[in-house]
Amino acid sequence: PCGLENVQMKLLGECNIMKLVKIVSLSLLFVVIVCFVAATLRTLTKFDSLCCVNNRYNMRTKFGQRHRLFLYAEAIQIPTVSTSKTQLNITALGEFDSLLRRVFPTVFSSHLVQHEVVANYSHLFWVPGSDLALVPYMLLAHIDVVPADENDGWEVSPFSAKEIDGFIYGRGTIDNKQSVMGILQALEYLLIRGYSPQRGFFIGLGHDEEVGGLQGAMNIVKVLKRKGVQLAFILDEGLAVLDGVISGLQGPAALIGISEKGQATVKLSVFKAPGHSSMPPRESSIGILAGAVKRLEDNPMPILFGEGPERRTFEHLFGLPIKFVMSNMWLFSPLIGRVMERSPDTNAFLRTTTAVTMFNSGVKVNVLPSLAEAYVNLRIHPAQTVEEVLEFIQSTVGDERVKMELVNGFDPLPVSSYDETSFGFQTIKKTLLDQFPQVTVAPGVCIGNTDSRHYTDLAKDIYRFAPTWIRPGDTQRFHGINERISKKNYEELVVFYFNLIQNCDIKELPSPHSAGHEL
């Protein structure tokens with residue numbers, strides 16, 4: 001009997017334990033469900049507060065897709081080429097001015113829009129907001145394009161805007177007339193609907209960005225400074241939506257540029273007494289300079305991956321393994337460097353790049369030249385300065401006979417904010433995710449330079465992005481042959497700017513919440 005009683009007591013205890021486990025488990029499950037519902041509601045509330053303005057107007061219009069694409073094609077057909085600071089196609093720039101006035105009549109006639117031509121060919125638009133307490137922002141794009149020659153291997157004439165398999169081909173289709181036309185097209189449609197912004201904004205269209213922006217962008221900045229303008233943020237061209245370009249990433253990534261690499265152009269020169277080719281010295285001026293150039297190419301700048309904001313790009317794009325790697329760069333940096341430097345596309349994120357772009361010497365086949373010159377273009381990593389780059393070149397060349405001269409240069413641009421409280425970054429990001437929910441959004445470093453670098457005194461936060469979709473092989477189309485954009489993508493650009501302008505009308509971002517959800 002005692003044994004039986006002990007067994008019953010044991011079974012009763014086990015049953016009580018099981019009940020307790022079930023109660024605790026159900027309680028935990030209930031708490032998790034309540035937290036999830038609360039987080040979801042807060043997330044939806046946060047999203048709605050940013051999207052509510054977006055529902056005021058949609059893209060339905062009496063002008064269909066065919067009309068929009070026709071106007072865009074007209075813009076591509078005008079060869080607004082900038083060859084050098086003194087060689088601009090001013091005839092084409094004048095023609096482009098006429099085109100804008102003709103195809104966007106509401107923008108140029110609206111009492112709401114103030115327009116000013118700057119430096120003869122650039123354009124500055126001001127659209128005042130109804131709430132003067134809201135700091136304005138600015139959208140930038142540029143009208144000019146780099147030269148293009150059909151004989152270089154183009155499938156079509158580079159200024160034909162010919163359509164092939166759903167793509168419009170032509171110089172400027174992705175650099176940067178898609179933004180010029182997309183921004184103004186969006187504003188035209190909003191004005192037609194009677195839209196009046198709460199937050200004012202500027203639009204700046206430079207005409208010489210491809211040769212430095214010294215006339216267009218710099219003079220627009222002067223106008224704004226005279227008016228005492230300060231901006232909440234600036235959005236210019238720069239990075240894009242990369243689809244299948246980043247190895248190991250599932251799905252497309254939209255990189256919003258939060259900084260730009262710096263730039264320097266250095267001239268290397270060697271001078272020797274001229275002579276007859278029948279009595280050559282052991283080393284000629286060309287030979288000495290060629291040796292110096294070879295040493296530069298054989299000894300690239302040090303790998304600095306992880307020491308600049310590019311580290312955050314990978315942390316945002318990838319999960320825990322990459323974050324672990326990024327937190328232990330002392331261990332993984334050599335491995336990452338060896339992998340990434342194999343491709344020019346990813347090598348540009350690792351270091352300051354060195355490109356010998358011009359080499360000049362000699363006037364006659366039987367005359368030893370007295371002078372040999374080479375120009376080296378460097379794109380400076382955010383962790384370096386122009387001064388540090390010059391010191392590296394000097395020590396690498398290691399030859400007193402080679403004279404080094406800095407032609408021009410500037411340090412990398414400041415890093416703009418991109419946390420949850422960053423109005424510009426989060427508004428751009430939210431507009432993107434509304435339109436492209438499948439993309440991963442991350443901050444990035446723009447390896448090229450834009451007009452926005454001239455605006456640093458007007459805004460603390462400058463972002464470089466347009467929702468142009470870039471797929472494998474497309475990066476070579478920038479300043480290369482067969483530049484193109486899909487008709488669908490151009491439509492998406494118009495919609496993006498159309499929505500972004502309305503999304504900027506909120507007074508402030510919703511407060512971040514503890515659920516960790518990002519806009």
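Is R401 buried, partly exposed or exposed? In this predicted model, R401 is partly exposed, with a relative accessible area of 42%.

**View 1. A network of salt bridges links R282, E283, D399 and R401.** Within this group, the side chains of D399 and R401 meet in a salt bridge, with 2.9 Å from N to O. D399 counts as buried at 14% relative accessibility, whereas R401 is partly exposed.

**View 2. A salt bridge joins D243 and R471.** The N to O distance of this pair is 3.3 Å. D243 lies in the loop between strand 9 and strand 10, and R471 in the loop between strand 18 and strand 19, so the contact ties together parts that are 228 residues apart in sequence. D243 is partly exposed, at 23%, and R471 is also partly exposed, at 39%.

**View 3. K267 forms a salt bridge with E405.** The closest N and O atoms are 3.6 Å apart. Because K267 belongs to strand 11 and E405 to strand 16, the pair ties together parts that are 138 residues apart in sequence. K267 is buried, with a relative accessible area of 17%, while E405 counts as partly exposed at 34%.

**View 4. Strand 4 runs antiparallel to strand 3 and to strand 8.** Five bridges join strand 4 to strand 3, and five join strand 4 to strand 8. H123 is the bridge partner of V117, and F125 stands opposite I203 in strand 8. Strands 3 and 4 form a hairpin with three residues between them, where A119 has a positive phi of about 50 degrees. Five of the six residues of strand 4 are buried.

Notes:
Residues are numbered from 1 along each chain as its sequence is written. This is a predicted model: local features need pLDDT of at least 70, side-chain atom pairs count only at pLDDT 80 or more; totals for chains, interfaces and linings use all residues. Side-chain values use heavy atoms; hydrogens and water are left out. Buried means under 20% relative accessible area, exposed over 50%, partly exposed in between (1.4 Å probe, protein chains only). Helices (H or I, at least four residues) and strands (E, at least two) are DSSP runs, numbered from the N terminus. Two strands pair if DSSP finds at least two bridges between them. A salt bridge is a side-chain nitrogen of Lys or Arg within 4 Å of a carboxyl oxygen of Asp or Glu.
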